[in-house]
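The chain-to-chain interface is taken up at the outset, followed by the individual chains.

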Amino acid sequence: MSDMPVLAVKNLTVDFRSNSGWTRVVKDVSFTIGRQETLAVVGESGSGKSVTALSVMRLAPKRSSRIGGEILLDGESLLARPERQMRQIRGGDVAMIFQEPMTSLNPVLSIGFQIAEALILHRGLARRAAEAEVVRLLDKVRIPSAASRFHDYPHRFSGGMRQRVMIAMALACQPKLLIADEPTTALDVTIQAQILELIKELQRDEHMSVLFITHDMGVVAEIADRMVVMKTGHAVEEGPTEAIFACPKHPYTRSLLSAVPRLGSMTGTQGPARFRSVDRDTGPATDPAPFPETVAAERPILEVKALTTRFDVRGGLLSRVTGRVHAVENVSFDLRPGETLSLVGESGCGKSTTGRSILRLTNPTSGSVLLDGEELTQLPRRAMRARRQKMQMIFQDPFASLDPRMKIGAAIAEPMIVNKLASPDDAHRRAGDLLVRVGLAPEMAGRYPHEFSGGQRQRICIARALGVRPRVIVADESVSALDVSVKAQVVNLLLDLQQELGLAYLFISHDMAVVERVSHRVAVMYLGEIVEIGPRAAVFGNPQHPYTKRLLAAVPVPDPARRLAPRTVADDQIKSPIRGVDYVPPPRVYRKISPGHLVQACSDE
Amino acid sequence: MLPFILRRTLATIPVMAVVALFVFSLLYIAPGDPAALIAGDQATPADIERIRQSLGLDRPFLFRFGEWTWNILRGDLGTSIFTSLPVTRLIAQRVEPTLSLMAVTLLLAIAVAVPMGVLAAWTAGSWVDRTVMALAVLGFSVPIFVIGYLLAYVFALELEILPVQGYAPVADGLWPWLRHLLLPALSLGLIYIALIARVTRATMLEVLTQDYITTARAKGQNERKILFVHALKNAAVPIVTVIGLGIALLIGGAVVTESVFVIPGLGRLTVDAILRRDYPVIQGVVLVFSLTYVLVNLAVDLVYVLVDPRIRY
């Protein structure tokens, strides 16, 4: 009895109905999860991993999906049960948490109500008793002053706190199995570390089994006993996490693992390095060409001094200014041609606003930005528009940053025509060349954005930026939304372009491992200020500021050997940069650690 | 919450001022000499002059507007040219049937349309959904007088279960009052039902794809609670918005409906006043309707805050 798995999935198939008939998205997948065991299902978008999870709960849309095979919970089939019994199991025996904490809680119902719902449904508690139990659960997932937050609505909580609420809801009825579908993907690294620790701890306390869906090999190594690798609906490899990490058998697993950016993999090197590429079907690896020195010794192309951007917060009867968001505060750095400076930090630290302020997409409050020696902050609007030709931006979401009704050839040609760099005919011809340049085919120019995958779209955005021959590219989380293997390819493309064209990148990212790979220098931002800046090797190898240390410690490391070592993770929340109207930032002193490596002297904040 | 209500209420003052200016200008915008039109073909110049003076057309516009506004604030809407009765009294006599008709229509429409829309969204693509949507198209396209006479024919003349026409005051008892209002409310409400049902369906379709609905299902909640607790409250803002905007439809429709069902309400009063060019009455009625509309939209804004905790002013 004791060796019967909690969940056994046998030959699972899932079909979705589309206009052209049924499409099989999960193909003959089998796995088991033992008591208190954590199984990770790993794969990239479209691999069928989330559909597998939803199918266990039988939550895939009824009319347009079909589940085949067998799903046994404690030896009893789930697929044969009537819907009424299935409702007892959902939330009772099997609970689920989701990727987007921002959207997976109902915004118009209080969190207390939403958690109590499960208690009343499955444990038959009376309203009063349920309330007490909710407070106990909120306490358990370490939500500060839990009792007073019962009646609060989700928008009053940060992303990490919402995910804690989701976990409290899932744990409400002491489920045998917790299904976690990318539960930390949308969170900042330090918050991710907290949530992973919390799940591990609760799993021990509650004797739960966990089915963990993720695309992140670092997270897998951190949490999973065993793993299943999925690719286009197939389970291509299954086994203990240590064994697969040590000796991946399937070429796809190998390509995934080699594409995973590993923090610390660059120790002892100076410049950036390309990712290794492994053929996903056959397996031979090609080692990338070494990355040459690209930084020019001449005057910096971009010099930012004491840049400050603040936003007013208004409130009250007469909409008076009640406070200010100090989004960017006294930020200074420079950037040479051929150099990559990364701005790193967590959500709300002001890294994106810094990028936008430099381009004056958001007007800075004060400070100076010199592009090629010319002051930008005082330029009239029209003149500024012309300068933007030299500085282009690539955004995070390649789905939102291309006009869905514009052919991509036209989208790439447009900036050249607007900036009068080419006649419309020339521009369209060059658009074809640019497509080749970013690894696509010229005949794709006539297609619309929805016909491309995320990685291809990001290449299109890069081509569009390159058309006007910029000297600086502000890449705002440009590879964050991409699958690992695609991410590696796009990073390699960016490095190729830097080598060839001497581009300077301001690389804005929260992903420390990618940053380590691409940067010459790194600036760490916290609450709108740069707390540490220096050569990449110095900042990563010898971090000085406590925030930098915390950030680096929180990054999941794709090394299963480290999993069992308990980590101490502080339950701090990310602080807010909103200050009173009369707040004057204290003067900051920077300490020099080594040439070019500066650290803000710590205050008591 | 209280400062918001206060601020929002104060904001209706400029709106009402603009409305008042328009209503007052009616007299001046109308083509021709209103005094001559009112006096009719057989009038002597002395008659016309007398009417001109009683309308105040001999005095400057702004002076007259100030005086008129001041009178309104004191509760005096002027005197009907035709009946020589105070406009306030004429309106007071007629207001109950119209308010009753609008209230019953509103409640009936919400009670029918919202569940219909929810059901259609839940069964999207099925025959239930298609039937609901077909009915909605019908509701949009059939004019009130057609559906009114049709309903009267079926329920009053053939089945003889409801009165053909007329109105019974609430004072005569709730059931007679309601019996007389059912057919008018149904014919007036049909387009309103169509509108609310469509918007409810569209919004619910959108809400039902949200992650928190999956969360609720994963919790083991049943479909009825998911639809009416989790989803409908999220869909409420757009639905409440069209309910508020749709009041304009009701006001326009009430005029026609009252004629069809011979209800002695403000609609009839308006039609009669327009036919007789009884300007003070027209102005008074339009002002009352505008005020109703502004108040309904104030209520809508307050409901927003109740249904969606994220809305704070």
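## Interface between chain B and chain A

In this predicted model, chain B and chain A together bury about 2300 Å², and carbon and sulfur atoms give 61% of that area. Three residues, B:Ala218, B:Lys219 and B:Pro309, supply 26% of the area that chain B buries against chain A, more than any other three residues. The contact involves 23 residues of chain B and 30 residues of chain A.

Which residues form the salt bridge, and how far apart are the closest N and O atoms? The partners are A:Glu117 and B:Lys219, with 2.7 Å between the closest N and O atoms. The rule finds one salt bridge across the interface of chain B and chain A.

## Elements on the chain B side

Three helices of chain B each supply at least two residues of the side that touches chain A: α1 (2-29), α9 (211-218) and α10 (223-260). The largest share, six residues, comes from α9(B). By class, the side of chain B that touches chain A has eight nonpolar, eight polar and seven charged residues.

## Overall build of chain B

Chain B has twelve helices and zero strands. Its C-alpha atoms fill a box of roughly 80 × 55 × 35 Å along the principal axes.

The unreviewed UniProt entry places the feature "transmembrane region" at residues 12-30, 99-122, 134-157, 177-197, 235-261 and 281-307 of chain B. For two of these spans the geometry is given here. Residues 235-261 of chain B are 96% helix and 0% strand, and the end C-alpha atoms lie 35 Å apart. Residues 281-307 of chain B are 100% helix and 0% strand, with the end C-alpha atoms 39 Å apart.

## Domains of chain B

The domain assignment of chain B gives domain 1 (2-73) and domain 2 (93-307). The centres of these two domains, taken over C-alpha atoms, are separated by 32 Å. In the contact between them, 20 residues of domain 1 of chain B meet 15 residues of domain 2 of chain B. The area buried between the two is about 1500 Å², of which carbon and sulfur atoms give 80%. B:Arg8, B:Met16 and B:Val23 supply 30% of the area that domain 1 of chain B buries against domain 2 of chain B, more than any other three residues.

Across this interface the rule finds one salt bridge. The side chains of B:Asp301 and B:Arg8 form a salt bridge at 2.4 Å, N to O. Three residue pairs, both residues at pLDDT 80 or more, are in polar contact across the interface of domain 1 of chain B and domain 2 of chain B. On the side of domain 1 of chain B that touches domain 2 of chain B, the elements giving two or more residues are α1, α2 (34-39) and α4 (61-73) of chain B. The largest share of that side is 13 residues from α1(B). Its residues divide by class into 17 nonpolar, two polar and one charged.

## Domains of chain A

Chain A is divided into domain 1 (37-46 + 88-259) and domain 2 (302-555 + 572-600). Their C-alpha centres lie 32 Å apart, and each domain contributes 14 residues to the contact. The unreviewed UniProt entry places the feature "domain: ABC transporter" at residues 9-257 and 313-552 of chain A. Over residues 9-257 the chain is 37% helix and 27% strand, and the end C-alpha atoms are 26 Å apart.

The area buried between domain 1 of chain A and domain 2 of chain A is about 1300 Å², with 51% from carbon and sulfur atoms. The count of salt bridges between the two domains is zero, while three residue pairs, both at pLDDT 80 or more, are in polar contact. On the side of domain 1 of chain A that touches domain 2 of chain A, α6 (189-206) and α9 (251-259) of chain A each supply at least two residues. The element α6(A) gives the most, with five residues. By class, this side has seven nonpolar, five polar and two charged residues.

How values were computed
Residues numbered from 1 in each chain as written. Chains lettered and ligands numbered in written order. Predicted model: local features only at pLDDT ≥ 70, side-chain atom pairs only at ≥ 80, totals over all residues. Heavy atoms only, no water. Domains from an automatic or database assignment. Contact = heavy atoms within 4.5 Å. Buried area = accessible area lost by both parts, 1.4 Å probe. Salt bridge = Lys/Arg side-chain N within 4 Å of Asp/Glu carboxyl O. Polar contact = N/O pair within 3.5 Å; in protein donor to acceptor, adjacent residues only side chain to side chain. Helix = DSSP H or I, 4+ residues; strand = E, 2+ residues; numbered from the N terminus. Nonpolar A, V, L, I, M, F, W, Y, C, P; charged D, E, K, R; others polar. UniProt positions renumbered as here; feature names shortened; annotations may be inferred.
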